[in-house]
Amino acid sequence: MSRLRGLWAEARPVVAVPLGAVVLAMIVASVVALLSSFFTEAGFDPSLPFKVFVGLFGGAFGGLDHIVNTLVNATPLVLAGLAVGFGFKAGLFNIGAQGQFLLGAVAAAGVGAALNEAPPPLAIGAAVSAGTLAGAAWGFIPGALKAWTGAHEVVTTIMLNFIGASLVAFLVLNLLQAPGFSFARTGDLGNAALPNAGFLSADLGRLHLGILLALLAVPAVWWLLYRSTIGFEVRTVGANPDAARYAGMRPGLLIIFTMTASGLLAGLAGATEILGTSHYMIASYGTSVGFDSIAVALLGRSHPVGILFAALLFGALRAGAGPMQLEAHVPSELVDVIQAVILLFLAADLIVRRLFRLRQAKRGIEAVETATETYGRKLVT
Amino acid sequence: MDPTSIPVLGVLIQLVGYLVEVLPDIAPIAIGLAAPIALGAMCGVIGERSGVVNIGIEGMMLMAAFVGFLVAGFVAQTFPATPWPIFGATPALLIGIVAAVLAAMAVALLHAWLSVSVRADQIISGTIINIAALGLTGYFNRLWIAPNPRLGAGTFQSFIPPAELTELPLVGWLLKAFLNQGPIAMSVIVIVIVLQVLLFRSRWGLRTRAVGEHPAAADTVGIDVLLLRYRNVVLAGAFAGLAGAYLTLEATGAFQNGMTTGRGFIALAAVIFGRWTPIGAFGAALLFSASDALAVAIALRPPTGHLGDLLTAIPSEFYASLPYLLTIIVLAGVVGRSIAPAAVGRPYAKESQA
Amino acid sequence: MDDETGALPEGAPALEMRRITKRYPGVLANDEIDLDVRPGEIHALLGENGAGKTTLVNILYGLAAPDEGEILLDGRPVRIASPSDAIAQGIGMVHQHFMLVPVLTVAENIILGDETMTGLVFVDRDEARRRIRALAQQFGFDIDPEARVETLSVGVQQRVEILKALYRQVRILVLDEPTAVLTPQETEEIFAVLRRLAAEGHSIIFISHKLYEVLSIADRITVIRRGKVVGSRVPAETSEEELAELMVGREVQLSVDRGESHPTEPILRVANLRVRDDRGREVVRDVGFEVRAGEILGIAGVAGNGQDELVQALTGLRRPSAGKVLMAGRDVTGASARHLGGAGLGYVPGDRQRFGLVLSFPLDDNLVLTSYHRQPFARGFVRDEAAIDAWAEKAIARFDIRAPSATVLESTLSGGNQQKTVVAREFSRDLKVLILDQPTRGLDVGSIEFIHKLTIAKRDAGAAILLVSAELDEVLELSDRIGVMYRGEIVSISDGSTANREEIGLLMATGGRESGEGATLERAG
């Protein structure tokens, strides 16, 4: 018991603000749902907040299949959240996880369909590699642009998201389109599909191998950041690029490395999502992973373990959104509102600290304090 | 078709000829398409000249587009009115513009509070605004607009300039391009020039530039840095609001989730390409919109001959990506050589404790 | 130099500050400070770095709010909550780091906040120019109101700052360390201006930690130590020794005992070096010198004469456009910082917070910032945390770094301890060459003495040391030989033991050529 208390005392300054932000966001979201119900056909319903949370919680945890759904939803968020968080550590704001995810998804779908009759290890290995490489390439571009020309990654990654969406549409409609379907999609994955736990129980049918990959990525990224010299260099560039240059590090190269690694993780997220869950790619693949991953990284304070928990939270919200809409007749987009409000409270951590009487809590978003430093300035001379 | 069989030089000459030929047709389209980008860029110029980066222009636009549409729609539903002869304006549309501007200013106030008072990272703050705007408009869109498919106040109409002007030799097409527009697009050029003059000739402009370059220096001569930054960020929000109003009340007459499609970010690139001046940013916005307009022209009136074969062979997804590609190219080519206001992105704290 | 002590101006004080107290977290910056300044008086505030001088004048100028105490002007209590209040009360300030907007013109900088207007919206630039020309003429300043401030030399920028105050018709002018970046000649010029202003009835508060300057310019000297007034003196009745003791709180040696140097063979050799700056201008022109093992070569010069780029070229942070750099006989021209570090170069950068440290990292990470990739701190890509911890404990003890533990964030340490972190790291390497860029800037006397002693010890252990500093005093104190850098060239190298302050100052200001135009830098473009 006292050991637990000691642990809490240590974790409190780091965890308190994110937790507070989540609690406050839930309250604000209830008020939003309640007030907005005034102007709907159904009319005002004072029990709405209760219904909303019963729906959300039940949808996320009310039964084995729901828990699996939460885990499946959390998987790409862990990987993409790590992607964004890794970028933050180097002072880079990768808003391009969306595009890197899509490219990873389409590459995995394409290669997987092409190799659907190859032996499973080969087919899966090739499809996963194709996805990660495609994501890495899509991350390399803004990294190289930043290092060589100073173009700010926030703008270039957003642009690459749009370009990536067009590229995916082009690929699916032209090169990768499989015949025999009523709509444009890639072919069946066959042996390239990730194995799942369906052999244990039918409820576990959606629990695919990607979850394991995501869980392994957490300690891997942690080790890279905190126990390797490259991680030290990445963090130094993020905290003080001038000092990094002085110390003989090469910020330009590190920026390219970080963005590529970040894209790789996001690409892996896309690959596992396709190979484990969706099983094929369509021309206009809709996903909220781009913004969700930013929210996950910020809520998890760019720390791999924090990101894991934040991804589980958002995975639960996404999993619970549908059931909530059915039960409470509140649009599932309420989850987006909750997410937005969490982020607002994280940025304005001052309010959270006041309300919960927290002192000396670390700044919520300190990881990216250098993100704006090189805005509009050429970094490498 | 074997690409080597096309004479490159010939195609280039054809391309130039085609551009000259379609220029009078695409100029009005380009100026219309430039309006939201240019207005967003004005938001960016004012903010960054005062030392505040605004990545949230996209979100402000989206919020304004939504609120403008919603308010105009409800007013039109409640008080139907016949459109006036000029611009087809109705009370609903005008109130919609005001609502859109106020909505964007409210979001800008949030950004100002986060970046000036809370001293949060400005890029994070802007990103959060973008995410919040997308989430909130998506939620309320489903809640209020989707169940009312007939909601809407229509759009402003383009002004039809008198034939004497548009048929003037040489400049006629140019006058037509600028005048054959709705009220918001037409006002852009005026706004740009006024801001350009104010920024470099007025007391407000001098103080704004000082605050963006060296806030401590401004502080020591008695300028209230925080107040000026607040005022400017909120004022700048009004332009993002006009941009949003343009999208739902002048261009389309409908609201769709995420309908800003990156214009706020292209506007930021226009700010940098235009070297943080209103006129330069307007020019950059025109460049971006021209690429869009060209795609429209190619789709509607494809050129003939080799050039036509070539341009129509390029997949439509490429044309859709063109403005985004151009933005990246412009950013990559120009950033190293243009210098941002020195204090951009840095919160100002009065008492520094060394 | 001590030509003018003058009679102390009589009369009621123009300014009184009573029992001013200011607390910052963990520091009592001002502890019941009393200060009075009479009309026409030049009143010096003397104290070492961090004593609380700047805090006191920031309170006077409305940049900081006192926790206790009051301010009286002509005997009336006034409330100064902001710089506008101070300006309205006739108080002006020339800050240590100039408060000028580099991209604006002289005229725009001067009128900023008090603009001449045509109508309600637009600035009347012609009127501004006219007024500024008249004002400049009155004080014999030769300044073009339309020049962009970033193109002006430091000395001229300081005059713009003074004009800015005079434009606002100040009665009380505060100057915070105004001579830190000036040559001795420029210092004399600025002193002449100050004396003239005082003669016209202005009250002047002059902040410095340089004893001889204070004795030369002030009518009265108030000494501050650790936030408290520890004494007040008139120049005629005191001495440098007494002021030094008051300032530091113990007897201090006014100069380092640097002993005899025993240089051997040349280790660092630079020949025909040319370096361009970020904008592509050649700012180091055909520079050549050598530093021998066991000696300190000092490079003096007004800031902005190419010293930064020279140091960057020697430390691998900037590629020279021509010339050669040899280290212990090996050609290292254009070598990377990483390579040079491995070859035995240590470097203490001028701006420790920007270059030398990562403030958001713990102390131990900062102690390996330039050696984290080498044995024993890493094996391959893997960090060895135990080795880093062990070294950190050792360094903290050996270099007297005052920190509660090796894992505290560097940002929580004092300036002196931060610099000791850098020094511990760089001095502990297997050194052949040591480059020091203003190694004691902004430090307290104790830390300065400590670092100076370590530097001498490194020299005597056989390192070739290059000391670059815009602070002439430091160069004079430590160097065995002194070079002067002027407009990108080393214009002379002389013997440190016989060097003459005025001569070096003249070289810094004019490069030893036709004098008259002063040290105006050409920075057009």
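This is a predicted model: local features need pLDDT of at least 70, side-chain atom pairs count only at pLDDT 80 or more; totals for chains, interfaces and linings use all residues.
C:Ser82 sits in a loop of chain C, the one running between β5 (76–78) and α2 (83–88). Its relative accessibility is 18%, so C:Ser82 counts as buried, the cut-off being under 20%.

Now to chains A and B. Here 54 residues from chain A are in contact with 50 from chain B. Together the two chains bury about 4,400 Å², and carbon and sulfur atoms account for 78% of that.

As for charged pairs, one salt bridge turns up across the interface of chain A and chain B. It links the side chains of A:Glu333 and B:Arg142, with an N to O distance of 3.2 Å. Polar contacts between chain A and chain B come to two residue pairs, counting those with both residues at pLDDT 80 or more.

The biggest giver is α6(A), which puts 12 residues into the side of chain A that touches chain B. Sorted by class, that side of chain A holds 35 nonpolar residues, 12 polar ones and seven charged ones.

Definitions and conventions: Residues are numbered from 1 along each chain as its sequence is written. Chains are lettered from A and ligands numbered from 1 in the order in which they are written. Side-chain values use heavy atoms; hydrogens and water are left out. Contact means heavy atoms within 4.5 Å. Buried area is the accessible area (1.4 Å probe) that two parts lose on being put together, summed over both. A salt bridge is a side-chain nitrogen of Lys or Arg within 4 Å of a carboxyl oxygen of Asp or Glu. A polar contact is a pair of N or O atoms within 3.5 Å; within protein, one must be able to donate a hydrogen and the other to accept it, and residues adjacent in sequence count only if both atoms are side-chain atoms. Helices (H or I, at least four residues) and strands (E, at least two) are DSSP runs, numbered from the N terminus. Ala, Val, Leu, Ile, Met, Phe, Trp, Tyr, Cys and Pro count as nonpolar, Asp, Glu, Lys and Arg as charged, and the others, Gly among them, as polar. Buried means under 20% relative accessible area, exposed over 50%, partly exposed in between (1.4 Å probe, protein chains only).
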